[in-house]
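Subject: Handover of a structure and notes on its features

Dear colleague,

Please find below the structure that I am handing over to you.

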Amino acid sequence: MSSVTVSVPAKVNLQLAVGGVRPDGFHELVSVFHAVSLYDEVTVTPADRLEVTCEGEGVGDVPLDHNNLAARAAILLADRLGREPNVGIHIRKGIPVAGGMAGGSADAAATLLACDTLWRGDTPRPMLRRLGAELGSDVPFSDLGGTAIGTGRGERLASVPTTARFHWVFALADGGLSTPAVYGECDRLRELAGEPVGPPAPRAELIAALRAGDAHALGANLVNDLQPAALSLRPALAATLAAGMAAGAVGSLVSGSGPTCAFLAPDRETAHLVAERLTDSGTCRAARVAFGAVPGARVLPRRVVP
Ligand code: C5P
């Protein structure tokens, strides 16, 4: 086998309920993950040594050394399979870098699946997801896709079956936000407010809206506990959120730890209109239209080169 390519989607958290800090330093979460049609493609090819290359928007911010989550994924799987991680990993970015849409986690999930296919590891997918959880809280969901409730650090997943298609617009910001910095700011703001932090729980109205395919109800129930922290670190995002709502979105929130802002549209046509108006508003770098839910990581059929 000469090379394997895996396509993997971005995620948005429809709900991100952040509880207290656990003894391991992570926060107890309830996260309603939703996979959307912005994709990275990861190709692995046998090589003399492990090497990462990257193309696409914002790749200047992607580490190409062993700090890259994809490189760490190859090393982890090779170790489990008792072999050397000698592959070239090429990442084509379609997911905003450091944008709160799990781009790095997606690349890790894709690399696990691509390397396992290349090396004929035959590792069962649930086992790949367990390995993925060692790399990052969002990695198992990037493999699973669809819509799912994550608990624990976000890595314990239960799928929420839905047949509806939801239309989204993502407003991309200049520069990224560091996930640990946003969690840290969340802790700081909570300490200042002095309010007790209860255990996180899924919002019943949101799950009902998902099952019913009701975009208006879903839009009214989107919630991200990290949003105040992201806005505190990046106050300009408030204007982006307002511009998308004024343009006809039925719901908005900061995606994960940000700075990407997500807007739910009632239909495809409105999504394109919202994207156009967001671009014209000057409150974001670019706007992308996408839909969800989409499946998780999958091996692409081999391209026949003429
Ligand atoms: O697991 P992942 O590598 O994606 O987490 C990145 C950072 O986000 C962690 O180092 C931590 O600061 C924060 N985090 C957290 N609680 C979680 C998930 C992430 O505090 N449940």
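The notes that follow cover the ligand site, a strand and its partners, and several individual residues.

This is a predicted model, in which local features need pLDDT of at least 70 and side-chain atom pairs count only at pLDDT 80 or more, while totals for chains, interfaces and linings use all residues. Residues are numbered from 1 along each chain as its sequence is written, and side-chain values use heavy atoms, with hydrogens and water left out.

The ligand site

Helices (H or I, at least four residues) and strands (E, at least two) are DSSP runs, numbered from the N terminus.

- An oxygen atom of the ligand lies 2.5 Å from an N or O atom in the side chain of serine 137.
- An oxygen atom of the ligand lies 2.7 Å from an N or O atom in the side chain of histidine 27.
- A nitrogen atom of the ligand lies 3.1 Å from a polar backbone atom of arginine 153.

Taken alone, the ligand exposes 450 Å², of which the protein buries 75%; accessible areas come from the Shrake-Rupley method with a 1.4 Å probe, and for residues only the protein chains shown count as cover.The space taken by the ligand is the largest pocket. A pocket here is an open set of points on a 1 Å grid over the protein atoms alone, where a 1.4 Å probe fits, with protein on both sides within 12 Å along at least five of seven lines. A molecule sits in a pocket if more than half of its atoms lie within 2 Å of its grid points.

Is strand S5 (residues 147–152) largely enclosed or open? Of its 6 residues, 5 are buried, so S5 is largely enclosed by the rest of the structure. Buried means under 20% relative accessible area and exposed over 50%, with partly exposed in between (1.4 Å probe, protein chains only).

S5 runs antiparallel to strand S2 (residues 27–46), to which 6 bridges join it. In this pairing, histidine 34 stands opposite threonine 147 of S5. S5 also runs antiparallel to strand S6 (residues 156–159), with 4 bridges between them, and the partner of alanine 148 in S6 is serine 159. Two strands pair if DSSP finds at least two bridges between them. S5 and S6 form a hairpin with 3 residues between them, and glycine 154 in the turn has a positive phi of about 115°.

Valine 18, in strand S1 (residues 4–21), is buried at 3% relative accessibility. The C-alpha atoms of valine 18 and glycine 150 are separated by 12 Å, and the two residues are 132 residues apart along the chain.

Buried residues in two helices

Aspartate 143 belongs to helix H4 (residues 139–144) and counts as buried, at 5% relative accessibility. Its side chain makes a polar contact of 2.7 Å with the side chain of arginine 129 and one of 3.1 Å with that of arginine 125. A polar contact is a pair of N or O atoms within 3.5 Å; within protein, one must be able to donate a hydrogen and the other to accept it, and residues adjacent in sequence count only if both atoms are side-chain atoms.

Alanine 70, in helix H1 (residues 69–81), is buried, with a relative accessible area of 0%. Alanine 70 and threonine 111 are 41 residues apart in sequence, while their C-alpha atoms are 5.7 Å apart in space.

Backbone geometry

Most residues other than glycine have a negative phi, and most peptide bonds are trans. The following residues are listed with that in mind.

- Alanine 102 has a positive phi of about 65° although it is not a glycine. Alanine 102 lies in the loop between strand S4 (87–93) and helix H2 (103–118) and is buried, at 10% relative accessibility.
- Aspartate 122 has a positive phi of about 50° and is likewise not a glycine. Aspartate 122 lies in the loop between H2 and helix H3 (125–135) and is exposed, with a relative accessible area of 71%.
- The peptide bond from glycine 258 to proline 259 is cis, with omega near 5°. Proline 259 is in the loop between strand S9 (251–254) and strand S10 (261–265).
- The peptide bond from glycine 292 to alanine 293 is cis, with omega near 5°. Alanine 293 is in the loop between strand S11 (286–292) and strand S12 (298–299).

With kind regards

Conventions:
1 Å grid on protein atoms, 1.4 Å probe; cavity = no way out; pocket = protein on both sides within 12 Å on 5 of 7 lines; lining within 4 Å.
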